[in-house]
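These are working notes for a colleague who has not seen this model before. Please read them with the structure open.

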Amino acid sequence: MNTLLEVKDLNVSFQGNENENKTGNKSENKNETVTAVSCLSISIREKETLALVGETGCGKSVVAHAIMRLLPPESIVKGTIEFKGKNLLKLSEKEMAKLRGKEISIIFQNPSLALNPVYSIGHQLAEPLRIHTQKMRWKEKEGKKEKVKQKEKREKKKENSNLSKVSRALKRVGFSNPREYMGYYPSWCSGGMNQRFLIAASTMLDPVLLIADEPSKGLDRDRVSELENELKGLKEKSETSLLLISHDLGFVRRLADRVAVMYAGEIVEIADPSSLFESPLHPYTRGLLNSLPERGFVPIPGASPPLSNPPAGCRFHPRCPIKEKRCTQERPELKESNGRAVRCFLCP
Amino acid sequence: MMQEEAYIGENTTQESKIRKSTIQESIIQESTIQENTRQWNDFRSLNLDLDIRKYGKNLKRFNRGGLFLFTFFLILALIPALFAPYSPTERFIPYEAPSTAHLLGTNDIGNDILSELVYGARISMMVGFASACISTLIGLMIGLLSGYFRGTLDELLMGFTDVVLIIPKIPLIIILGAFLRPSIWILILVLGLLSWESIARIVRSKTLQIREAGYVKSARCMGFSPFHIMVSDIFPNLVHVLLPKFMLATASAMISEASLSFLGLGDISMKSWGIMLSFAFSRGGFIREMWWWYLPPGVCITLCVMSIALIGFGFEGREKEKRGVDAE
Amino acid sequence: MHEAAKKTFRYVASFLLIVTLNFALPRLMPGDPVKNLIGEDVYVSEAVMEELRTEMGLNRPLYEQFTAYIGDLLRFDLGYSYHLHSPVAEILRERIVWTLLFVGVSVLLGAALGTLFGAYAGWKPETKANRLACCGFIALSCTPPYFLALLFLEIFAFKLGLFPFKGFYDVPTPGSIAHHMFLPVTVMALFSASRNFLIMRGSVIQEKGQLYALYARAKGLYDISILFRHVIKNASLPIITLLALDFGFLFSGALFTEIVFSLNGMGTLIYDAIIGKDYPVLQGSFLVVALAVLLANMLADLAYAIADPRVRRPA
Amino acid sequence: MSLKAENLSKTYGSGLLGKGKCIFRDVSFELEPGQTCGLMGPSGEGKSTLGRIIAGLESPTAGTIHFKDSPLSGMKKAEYATFRRRVQMMFQDPTDAFNPRKRIEHSISEVLKLLDTPGTERIRRTKEMLKTIGLPEEVLARYPAQLSGGQLQRLALGRILLLEPEYIVLDEPTSALDVSVQAQILHLLKKVQAEQGIGYLLISHDEAVVRFMSGKMGMLENGKLKVFE
């Protein structure tokens with residue numbers, strides 16, 4: 001299996017606002033950069049599902065947005081993101097736009113907000129088709145001039161084929177009566193339905209890589225299992241690789257081929273789910289698993305460090321039960337052995 | 001009606017969205033929607049708000065200019081005697097062109113225009129602020145009460161507000177002004193009593209939001225009185241909406257005053273900028289091309305209104321920025 | 001259905017309030033109601049006054065007067081102007097056409113201008129040109145409309161002589177109408193545009209931060225096409241409601257512009273009525289303007305309901 | 001000594017036009033001090049509404065709530081005031097549990113002022129409370145936006161504890177938190193219950209959380225309450 005996406009030494013930081021601290025927040029100096037992601041390296045092979053798990057604010061969503069290059073222009077992104085051999089960070093905005101939606105797609109965590117409230121579902125589902133076929137038409141137009149009538153006819157035909165494609169996509173995500181739903185608007189539908197619309201829209205052009213950003217957040221248990229089936233079906237039917245970003249460990253365990261655990265902006269452990277869940281190496285992973293319901297809610301003491309001011313040495317050392325002296329001073333590297341990787345001095 | 005709507009685009013959008021969803025539905029769906037928006041906001045606060053911050057920075061520059069201008073006009077209004085070379089009622093030779101003695105010349109009855117201008121600041125600004133105070137107070141009360149207590153009271157008050165909103169203000173003021181003897185106090189009262197509805201609306205929609213926030217719910221649960229909750233929990237969170245609205249209400253009242261004075265419905269005994277302009281138009285300053293007569297009051301109105309509006313803008317921008325920082 | 005019923009009720013209430021105000025004002029204001037109803041500067045003898053008093057039924061009880069008034073309204077009888085020696089309804093019918101034409105054209109132009117520029121300025125608020133435009137439009141919206149009109153008149157009509165500075169009294173042909181209307185329409189359109197510009201700018205700035213705009217980018221749209229394909233429709237929804245409110249506002253603004261440019265519309269009529277204390281005309285004008293605004297608001301509500309799917313969600 | 005709900009029903013939006021939507025009907029149960037009662041069910045089924053009704057924040061369409069054997073609707077002012085102190089509610093979202101414009105200190109002392117606690121006593125009780133919930137005193141000087149969700153949720157619990165409640169309705173207290181923080185909060189809740197003998201009504205959609213916390217469990221589905229032991 002070939003490597004599809006290779007992220008190397010990704011650093012993402014945001015500039016805190018520099019001036020004007022007179023009004024609020026007198027106590028703290030806000031003149032700082034927030035490093036949301038530091039030295040992150042992951043790779044996804046074809047047809048593989050990689051899960052990125054971590055707690056709120058550890059920077060996992062930022063990774064997704066960095067891959068899609070959806071971060072605001074003010075953010076500073078360093079490193080390389082290689083997709084099919086091309087460095088995405090070096091592409092122009094236009095070239096990137098051609099990839100988005102066609103080769104790489106994303107599912108956001110708030111389906112009801114990600115769909116535009118004033119356009120119908122059908123319109124929005126057909127949009128990727130329209131965007132990515134229109135560009136070719138422009139090229140054609142340069143070559144020869146067509147008669148208006150002919151063009152209209154073609155357009156109509158295109159519209160029709162778009163419609164049938166949309167209804168097929170809707171059927172695939174489990175709507176038995178797609179034509180009816182195409183006239184609906186997002187605000188008329190429940191969150192679960194919108195989620196399925198969103199999946200249909202994002203997979204419309206069979207992307208090679210699908211990024212799911214916290215798809216299970218805020219959903220009921222029933223809906224989560226529905227979503228799980230959806231994604232499983234997607235994996236089986238198509239050639240899509242999946243980057244699954246989630247905080248829900250159970251969900252991840254059932255879906256992922258490999259799991260990367262993030263803590264405070266860096267990856268602390270990468271392993272396949274069964275070995276990760278049965279024999280976690282990094283103390284943070286262990287703590288995280290122990291605080292799960294089925295292991296009796298044993299909490300990790302303390303709280304995650306702020307990304308603007310991470311502790312020196314190992315970022316987990318203030319909360320670590322087995323820390324040594326060097327943990328507080330040196331920063332451990334991600335060590336790889338037998339298909340697993342872990343960022344800890346004390347782990348084999 | 002004249003102006004307020006124009007400036008606060010953001011708030012209007014938000015408000016109209018809230019207006020459209022009925023309360024019952026919102027209660028049922030609230031938790032999930034709120035949850036969704038919250039999560040989204042969490043993420044946004046991390047990076048996307050930078051954009052808004054930049055936008056806020058631009059406004060801050062406006063704001064500084066506005067503040068400077070406003071202070072200037074405020075000083076004029078507070079101590080006119082310091083700047084005016086003569087008393088505004090002192091008479092000289094009429095229709096004089098600008099000279100060293102009369103920097104802006106004299107008008108038809110021989111008053112020094114510069115002195116008139118300086119003394120006019122106080123009257124124009126007083127009308128603006130006094131009527132804005134009235135309308136803000138009424139709007140705040142109605143909005144708070146209907147947003148906090150909801151139910152029948154809300155329906156009644158908002159129905160009333162809707163009805164008031166539709167009646168065109170300027171024509172009504174014209175009619176009233178024509179029947180009543182023009183007086184500055186009546187003008188203030190009428191302007192104040194007729195322009196509270198947009199403030200009431202925005203306060204209500206904001207109150208409806210804040211009411212559902214955890215801290216208000218817990219305060220109710222802990223047994224704080226509704227009055228205490230409104231004053232100590234809701235009001236402080238409304239200030240940032242109210243201040244710009246207040247500034248814009250002031251700006252709009254000043255323009256209304258100038259417009260009405262132009263129609264001859266102003267108080268002639270208190271010469272505001274609007275009345276000066278109106279006299280310049282009706283008593284030949286315009287036909288004689290005496291730009292030093294009609295231009296200065298007009299420019300003063302525009303600049304003063306603009307300074308106030310810019311400060312209003314500045315408040316909004318800063319608030320947005322602060323919210324961005326807070327969420328971090 | 002519930003919402004619609006509430007809306008209808010509110011419109012009916014506003015209508016009644018407007019009519020009642022119009023009825024009550026001359027009768028409640030200080031001074032002799034007869035004077036208030038016929039106008040102050042009309043000189044009539046005591047005997048004629050008494051005659052008029054009985055004729056207008058001013059010594060009958062108020063509710064009878066009110067029913068009589070409503071009856072008159074239904075027959076489009078708005079009273080008689082003793083100044084202009086003709087029924088008020090007729091005068092108004094003559095004048096309102098011009099004002100409607102003038103206001104209609106200005107509102108549409110202003111909406112189109114303001115929305116487009118505002119959307120672009122909101123999309124890229126940090127560019128120099130857009131910042132400049134924003135400053136300019138703020139200044140415009142802070143200028144009293146008649147002052148702007150005066151300046152335009154001075155510069156383009158007096159100094160440059162490009163346009164006439166008086167309304168037309170010859171036979172109106174489309175060409176001369178356009179010639180005469182150009183300056184006033186420009187002033188009003190600029191003014192209306194300044195308001196729409198600021199709303200649209202704020203609206204776009206807010207909407208482009210929404211998740212669906214980001215998702216549009218994730219679908220492969222880029223730059224300005226996100227604005228046109230996704231953001232602009234959401235952002236312009238509030239404009240619909242505001243257009244109606246604007247209509248009322250512009251109606252008032254138009255009055256002043258008309259006065260400055262001496263156009264034969266409602267504005268000059270009202271101005272003359274104020275100067276001549278011609279109360280019947282004033283009242284009739286108020287009624288007509290108020291009803292026009294009411295109508296505009298109703299239309300806007302309907303348009304909004306059609307345009308925004310969130311409002312017309314099926315049961 | 002218990003908090004009893006009898007035949008509660010709630011319907012929304014019933015008015016002149018339209019029949020309204022029935023959220024639940026004929027719900028009865030009883031809360032004992034020192035015990036936890038779990039309430040589960042899919043979202044949108046009115047769990048939170050039921051919680052709010054029991055905490056007295058909303059009134060039911062039909063049915064009564066008995067606090068110490070007197071019905072809520074017939075309470076005198078003084079009685080109602082004690083009910084208001086003794087039955088508290090904790091909400092899902094910790095980020096807006098405190099007024100964003102006040103320092104934590106201010107929010108806390110406000111509550112103590114409500115209880116007419118004298119100044120010196122206030123400081124002592126605040127310190128005591130912080131010790132219970134395991135937070136350092138620095139947090140008092142902070143604004144809510146400067147604290148994490150877990151810290152805020154602890155403080156929210158601490159603020160409630162100042163009122164010495166007998167019952168707390170916990171409305172999804174941990175569902176906005178991360179798993180590791182959730183575990184911390186759940187342990188804190190258990191500890192507080194063991195120390196002070198408070199009765200909890202735990203509303204959650206997460207079965208594991210409810211199982212961990214409670215002996216009695218109820219399921220609200222299709223407007224009906226089913227009780228398991």
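Where is A:Ser291 found? The first point takes this up after a word on conventions. The model is predicted, so local features need pLDDT of at least 70 and side-chain atom pairs count only at pLDDT 80 or more, while totals for chains, interfaces and linings use all residues. Residues are numbered from 1 along each chain as its sequence is written, and chains are lettered from A and ligands numbered from 1 in the order in which they are written.

1. A:Ser291 lies in the loop between α11 (283–290) and β11 (335–337) of chain A. Here helices (H or I, at least four residues) and strands (E, at least two) are DSSP runs, numbered from the N terminus. A:Ser291 counts as buried because it has 23 C-beta neighbours inside 10 Å. The cut-offs are 20 or more other C-beta atoms within 10 Å for buried, 12 or fewer for exposed, and partly exposed in between, with C-beta atoms placed from the backbone. Leaving out residues up to four places away in sequence, A:Ser291 touches A:Phe297, A:Val298, A:Pro299 and A:Ile300, and also D:Val179, D:Ser180 and D:Ala183. Two residues are in contact if their C-beta atoms, placed from the backbone, lie within 7 Å. A:Leu346 is 55 residues from A:Ser291 along the chain, and their C-alpha atoms are separated by 22 Å.

2. A:Tyr263 belongs to strand β9 (residues 258–263) of chain A. A:Tyr263 is buried, with 25 other C-beta atoms within 10 Å. Its contacts, not counting residues up to four places away in sequence, are A:Gly54, A:Cys58, A:Val268, A:Tyr284, A:Arg315 and A:Phe316. A:Phe316 is 53 residues from A:Tyr263 along the chain, with 7.8 Å between the two C-alpha atoms.

3. Chain A as a whole has 11 helices and 12 strands. Of its 348 residues, 45% are buried. Among contacts in chain A between residues at least 6 apart in sequence, 69% join residues at least 24 apart.

4. Chain D has seven helices and 10 strands. Its radius of gyration is 18 Å, close to the 17 Å that the globule rule gives for 229 residues, so chain D is as compact as a globular protein of that length. That radius is taken over C-alpha atoms, and the rule is 2.2 Å times the number of residues to the power 0.38. The C-alpha trace of chain D spans about 50 × 40 × 35 Å along its principal axes. Buried residues account for 48% of the 229 residues in chain D. For contacts in chain D between residues at least 6 apart in sequence, the share that joins residues at least 24 apart is 72%.

5. Eight of the eight residues of α9(C) are buried, so α9(C) is largely enclosed by the rest of the structure. Among them are C:Tyr212, C:Tyr215 and C:Arg217. After α9(C) comes C:Gly220, whose phi is positive, near 115 degrees.

6. Confidence in chain C deserves a look. The mean pLDDT of chain C is 81, and 93% of its residues reach 70 or more; pLDDT is the predictor's confidence in each residue, from 0 to 100. Within chain C, confidence is lowest in helix α2 (residues 33–38), at a mean of 73, and highest in helix α5 (residues 88–123), at 88. Where pLDDT is low, the predicted coordinates should not be read in detail.
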